[in-house]
Amino acid sequence: MRSLCPLVIAPLGALVACGSSTPAAGPEAPAGPDDPLALAGPGPALVAAVSSADPEFGFAYDPVDGTAYFDRASADRARLTIYQTTWTDGAWAPARVAPWSGRYRDIDPALTPDGTRLYFSSDRPTSGTTARGDFDLWALERVGARWADPVRVGGEVNDDRSTGAVSIATDRTLYFDATRDDVREIYEAHPTADGYGLPTPVALGLDPGSKRSNPCVAPDHAFLIYVLDPGPVGRADLVVAFREADGAWSAPEPLVGVNSPAADFAPALSPDGRYLFFTSERPGVVPAPADGRPPGDIYQIDLAAALPPR
C-alpha cells in the first residue's frame, strides 16, 4: 500500500500523480549502507524488501537496530501476521515472522518516536488460549537490546470492541481508530498512571458521508494524516489535516501524488520524518485480479512532496 525504496523499487510518481493505476517499470535504486530508507526519487516507490505476492500493509521502522516491521496476510485475510526484516551489512535480510507474532491475528505495528515502545493490535487472549472476538492494543517495551513480552495496554483504551491502527506522538498521546455505535472514527487517548485515559473522538474537519480511520500523527501534533473512505479519488484515500493556532484541525486535504483509484491506506512516518509509508491496492507486485480484492503493497514517498502547501 505504499511505495518504497531500500526497501526500494520502481518509481511510480508520474503515473500516480495523473491517476494511472499501472505501475511504471524502472531500475532499482539500491540503498546506501548508512541510509536503508534512502529513496531514489520523490516516489512513490514500491518497498521491495517487504513486497511479495501476498497482501502486505502497515510499516514501522526501528532506527535503534535497523529492523522494519510490517503485516503479511493470507489471500483471504484469515491469517494476519507481523513480519520483520533487518538492515545488516548493507542489505535487507529475508523477512521472517516476528518472534512474538504468528499464533494469533496481529496487525498495525507502530513505534514511538523514540523507539522505546512498539504497539500493535491483536485478537490474542488476555488469559487462556482462545482468540478474542475483537482486536485490542498491545505493546512491547524495549529492555536493553531486546523487546520484552507483549502486554495489553492498560487503562481505558481497550474494551470488548476492536481498536487498531495506532499512531503515537512524542508526548505518548495515542491516536487510533475504533468502531463505536456502528461509526468508525479516530480517537485520541492520553497517558495516565495505569495506562491510558478514556478515549475521545478527534474533532476533524467536515467530511460528510466518509468514514475516518488509520491515523498517522506528526510527533508534535502538527498534522494528522488519515484515511477517508470513500475519498476524493478512490474508495479509500489519504488526506491530511493541519493543527491550527487555536488547536483545532483544518479541513482535510488530499495528499499530493499518493492516492489512486484503488484503496490507499495505512500511513506511517519514518523516524526522521522525511518519508511517508503507505499501503495501496493498486497493481504492484502482481497485476490487478479479475475479481476479488487486490493484495496490496507498501510504498514510500518523500513527505515534503506529499503534503499540500500551506
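**Cores and backbone exceptions**

Leaving aside neighbours within four places in sequence, Phe223 is in contact with Cys216, Val217, Ala218, Val240, Ala241, Phe242, Trp249, Leu269, Leu303 and Leu307. The model is predicted. Phe223 is also, with Ile225 and Leu255, one of the residues that touch the most other members of the largest nonpolar core, which has 27 residues.

**Nonpolar cores**

- A second, separate core has 15 residues, among them Leu39, Val50, Phe59 and Trp87.

**Phe70**

- Phe70 is in strand E3 (residues 67-73).
- Phe70 has a relative accessible area of 0% and is therefore buried.
- Not counting residues up to four places away in sequence, the contacts of Phe70 include Val50, Phe57, Tyr83, Pro109 and Ile298.
- Pro109 is 39 residues from Phe70 in sequence, yet their C-alpha atoms are 6.5 Å apart.

**Backbone exceptions**

- Most residues other than glycine have a negative phi, and most peptide bonds are trans.
- Asp89, not a glycine, has a positive phi of about 55°. Asp89 lies in the loop between strand E4 (80-88) and strand E5 (91-92), and is exposed because its relative accessible area is 80%.
- His221, not a glycine, has a positive phi of about 70°. The loop between strand E18 (211-217) and E19 holds His221, which counts as buried because its relative accessibility is 14%, under the 20% cut-off.
- The peptide bond from Asp229 to Pro230 is cis, with omega near -5°. Pro230 is in the loop between E19 and E20.

Conventions: Residues are numbered from 1 along each chain as its sequence is written. This is a predicted model: local features need pLDDT of at least 70, side-chain atom pairs count only at pLDDT 80 or more; totals for chains, interfaces and linings use all residues. Side-chain values use heavy atoms; hydrogens and water are left out. Helices (H or I, at least four residues) and strands (E, at least two) are DSSP runs, numbered from the N terminus. Buried means under 20% relative accessible area, exposed over 50%, partly exposed in between (1.4 Å probe, protein chains only). Contact means heavy atoms within 4.5 Å. A nonpolar core is a set of buried Ala, Val, Leu, Ile, Met, Phe, Trp, Tyr and Cys residues joined through side-chain atoms within 4.5 Å.
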